[in-house]
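Hi everyone, thanks for coming. Let me put the structure up on the screen, and then we can walk through it together.

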Number of protein chains: 2
Amino acid sequence: MISRILNAELPEHIGREIKIAGWIHRQREMKSLTFTIIRDRSGLAQVVVPASTANISYGEETVVEVRGRVIANAQAPGGVEIVEPVFTLLSKATTAPPFDLYRPVVGATLPTILDNASVALRHPKLRARFEVSAASVAGFRSTLDSMGFVETHTPKIVGTATESGANVFGIDYFGQRAYLAQSPQFYKQALVGVFERVYEVGPVFRAEPHDTTRHLAQYTSLDAEFGFIEDHHDVMDLLREVLAGMLSEVSQRASQALNLLEARLPLIPKEIPELHLTEAQELIAQNTDEDPRGEPDLAPAHERWLSEWALREHDSDFLFVTGYPMVKRPFYTHADPARPAYSNSFDLLFRGVELVTGGQRLHKHDDYLAALAEQGQDPEPLRDYLRTFAHGMPPHGGFAIGLERWTARLLDVANIRETTLFPRDLNRLTP
Amino acid sequence: MISRILNAELPEHIGREIKIAGWIHRQREMKSLTFTIIRDRSGLAQVVVPASTANISYGEETVVEVRGRVIANAQAPGGVEIVEPVFTLLSKATTAPPFDLYRPVVGATLPTILDNASVALRHPKLRARFEVSAASVAGFRSTLDSMGFVETHTPKIVGTATESGANVFGIDYFGQRAYLAQSPQFYKQALVGVFERVYEVGPVFRAEPHDTTRHLAQYTSLDAEFGFIEDHHDVMDLLREVLAGMLSEVSQRASQALNLLEARLPLIPKEIPELHLTEAQELIAQNTDEDPRGEPDLAPAHERWLSEWALREHDSDFLFVTGYPMVKRPFYTHADPARPAYSNSFDLLFRGVELVTGGQRLHKHDDYLAALAEQGQDPEPLRDYLRTFAHGMPPHGGFAIGLERWTARLLDVANIRETTLFPRDLNRLTP
């Protein structure tokens with residue numbers, strides 16, 4: 001019995017009898033023969049089926065094994081093809097795909113793709129996005145592993161809404177009211193007290209009431225948090241290394257996917273340019289018709305303008321904007337000691353959109369109590385979280401990268417649903 | 001300015017001025033001096049504080065930086081200590097830990113540990129468990145990555161209860177009824193159609209109404225699924241490689257934790273012994289006072305007996321039990337073609353308990369419809385899942401390892417809550 005080889009391995013087997021297996025991707029009937037294209041996880045293979053052979057009338061996506069002989073053919077995809085084939089049926093497709101999976105361009109609307117995800121994702125260009133996504137996560141982890149970070153798994157069911165009562169999903173938890181965690185923020189901070197350096201890759205949940213191209217009800221958050229920092233610049237330095245590690249892993253592990261998608265990997269300089277929010281606003285005021293000075297945040301159009309500026313002036317697809325006003329940041333944010341109305345926090349803009357939020361957190365118990373009092377928040381629901389700081393915590397900070405948003409920007413895909421296998425939103429709970 | 005070094009690096013710096021940082025783990029006052037032990041992520045360091053020094057009266061868990069000179073001292077932990085220290089306070093502990101973190105044995109009950117998790121986990125022996133857990137997950141991934149598996153992230157909010165309506169948490173999803181996913185089973189199968197080989201590490205949710213040492217409301221499931229298999233033995237072979245990879249990564253990455261915990265890594269033979277359920281029952285009937293022949297499942301005591309048998313007879317801490325009756329397995333289970341009342345599925349017993357469930361799944365659309373009809377289940381709620389099989393699916397199978405249960409058995413810990421950072425159960429929704 002001969003073992004299956006992958007389609008990508010065929011060129012190493014010219015002249016030999018082999019066995020491949022996969023999906024019937026396409027059948028092109030000619031006068032005297034049919035070209036049957038078989039798709040497996042490694043790519044495509046052409047099988048030459050003479051008209052005299054008992055007709056293989058299986059529909060597209062039928063799963064088969066093919067035994068045959070490999071010959072060189074410069075015209076065939078990959079430079080080889082299989083002749084004298086013998087087919088074995090593994091599983092018959094009983095329904096045609098909702099659109100042609102073999103066409104180079106996906107000929108279906110987004111709702112059709114999403115409604116039929118399990119078959120639509122078989123299109124090589126749709127699948128390729130998730131190979132890039134998986135490689136990105138691998139790079140996130142390997143970079144942090146090499147720096148002594150520990151991977152954690154924290155509760156997704158919580159007794160108190162993490163950051164605010166809005167946009168949170170309620171659960172019936174054995175008769176009690178509970179919520180789906182909006183982020184691992186509180187846990188990753190607590191775990192800095194245990195491991196110093198932690199990361200988590202996991203789902204977060206937002207009951208986002210708006211139907212936009214940038215928001216999902218569940219997404220994958222790449223969270224990191226670490227202690228013994230000076231300020232948020234240490235966090236930004238770490239983030240730069242992590243992004244470089246993600247890009248490096250993508251170019252190594254997912255080069256075939258990148259080629260197929262004709263993706264341009266971003267430019268990431270040794271030092272990502274940084275603007276304080278006030279500097280960014282000054283720049284916009286001086287160079288455009290608008291004057292955002294004094295605003296507490298950046299408008300999407302200004303984020304796009306600043307990204308273009310960073311690419312033009314600094315050859316960078318990334319830009320840090322720091323120093324957002326304290327009033328716009330969560331209570332655990334550390335103020336800038338020199339200008340206490342501004343925070344030691346940052347957003348990272350990537351090709352026109354905010355990709356990462358991060359910064360230095362408060363680490364002293366008294367500072368937490370003062371910050372909550374300042375915002376008029378009751379400390380009681382945060383009792384367990386606050387206890388961590390009563391037991392001694394180092395200066396620390398961290399960030400969170402939204403995986404689907406990262407992949408969308410990396411591959412220049414318009415809607416975040418296109419970089420999510422099975423998205424969940426206001427209107428979508430299936431498949 | 002000198003940069004911080006880790007405690008574990010001190011022996012390389014004998015004679016030099018250095019800076020360390022960490023938590024005050026313990027202070028031992030002697031007549032003319034105090035030994036202050038500083039804990040960081042790498043271990044402990046002894047600082048010699050002469051009585052003449054301004055007294056460092058910070059409580060345990062206070063976070064400090066210490067500058068000083070490293071000298072050799074064979075009596076000190078690690079063979080070195082720091083003299084002429086200058087302390088800088090980073091953050092004062094305002095509350096004493098709920099039990100002494102410096103004692104070699106944890107002197108607290110499980111509820112005290114769990115109620116105070118964020119400080120309790122700082123105990124080196126409690127923390128070490130999670131270093132083993134993180135290394136295990138790294139080994140799971142690296143083994144599968146090397147075999148061409150793709151990592152996926154699937155919905156945790158689903159419209160239909162995955163496997164049964166029982167033990168499922170309900171959510172209010174924008175006014176609709178939804179559920180927390182009990183497993184990624186349906187998604188990982190669908191994704192075999194896309195990637196052939198997939199894995200996922202993520203939370204799964206069970207509204208487990210029983211308060212046992214083996215069950216949690218949320219746990220971390222290490223799921224793998226792959227196509228083009230002959231039968232469940234291919235899945236068992238893969239699982240053996242994955243477990244060996246996990247153990248290898250644990251011994252490499254977490255050797256310090258293993259030493260601290262005095263853990264004995266299990267014996268995993270090249271081929272894990274296998275018994276068909278009927279053979280296992282025969283063996284028990286012949287060698288004990290009990291006769292389980294004809295039972296559809298194994299009792300916990302019989303699982304323990306069989307594990308001991310495998311260790312005694314085959315030098316293996318692992319044992320496969322195959323061929324559970326179809327009536328006890330979910331509808332997607334593939335039958336044994338030779339004995340259709342039995343399934344092509346398995347449980348893996350590890351040191352007396354069931355650690356992994358897996359097997360071959362159905363892959364033909366008609367077989368799904370027949371299996372559901374047989375069980376009297378309405379196919380309509382499974383419409384999206386079933387559609388995958390109408391589009392051609394290869395013979396496939398997979399398995400799921402419960403991470404917390406794995407770590408508990410690996411480290412011989414009695415309660416699964418002790419290998420979960422912040423457990424969730426019938427009675428526990430905090431911290």
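**How the two copies meet**

Of the interface residues of chain B, 100% are also interface residues in chain A, so the copies meet through the same surface. By contact I mean that two residues have C-beta atoms, placed from the backbone, within 7 Å. Before I go on, please keep in mind that this is a predicted model: local features need pLDDT of at least 70, side-chain atom pairs count only at pLDDT 80 or more, and totals for chains, interfaces and linings use all residues. Residues are numbered from 1 along each chain as its sequence is written, while chains are lettered from A and ligands numbered from 1 in the order in which they are written.

How many residues does each chain bring to the contact? Chain B gives 77 residues and chain A gives 77 residues. On the side of chain B that touches chain A, helix H3 (residues 124-145) of chain B gives the most, with 7 residues. Helices here are DSSP runs of H or I with at least four residues, strands are runs of E with at least two, and both are numbered from the N terminus. By class, that side of chain B has 37 nonpolar, 22 polar and 18 charged residues. For those classes, Ala, Val, Leu, Ile, Met, Phe, Trp, Tyr, Cys and Pro count as nonpolar, Asp, Glu, Lys and Arg as charged, and the others, Gly among them, as polar.

Now the symmetry. Chain B superposes on chain A by a rotation of 180° with 0.0 Å of shift along its axis, at an RMSD of 0.0 Å. The two copies are thus related as by a two-fold rotation axis. In chain B, Ile171(B) has the C-alpha nearest the axis, 2.4 Å from it. The superposition is by least squares on C-alpha atoms of residues with pLDDT of at least 70 in both copies.

Let's look at chain A by itself. Chain A has 11 helices and 18 strands, and its C-alpha atoms fill a box of roughly 85 × 60 × 40 Å along the principal axes. An automatic or database assignment sets the domain bounds: domain 1 is 7-91 and domain 2 is 118-419. Their C-alpha centres lie 46 Å apart. Of the 431 residues of chain A, 48% count as buried. Buried means 20 or more other C-beta atoms within 10 Å of a residue's own, exposed means 12 or fewer, and partly exposed is in between, with C-beta atoms placed from the backbone.

H3(A) is mostly covered, with 17 of its 22 residues buried. Helix H5 (residues 232-253) of chain A has buried residues including His232(A), Leu239(A) and Glu249(A). Among the elements covering those buried residues are helix H3 (124-145) and strand E13 (318-322) of chain A.

Which residues touch the most other members of the largest nonpolar core? Val321(A) and Val321(B) do, out of 224 residues. Such a core is a set of buried Ala, Val, Leu, Ile, Met, Phe, Trp, Tyr and Cys residues joined through C-beta atoms within 7 Å. Leaving out residues up to four places away in sequence, Val321(A) touches residues including Leu275(A), Phe346(A) and Asp347(A).

Leu362(B) sits in the loop between strand E17 (353-361) and helix H9 (365-374) of chain B.
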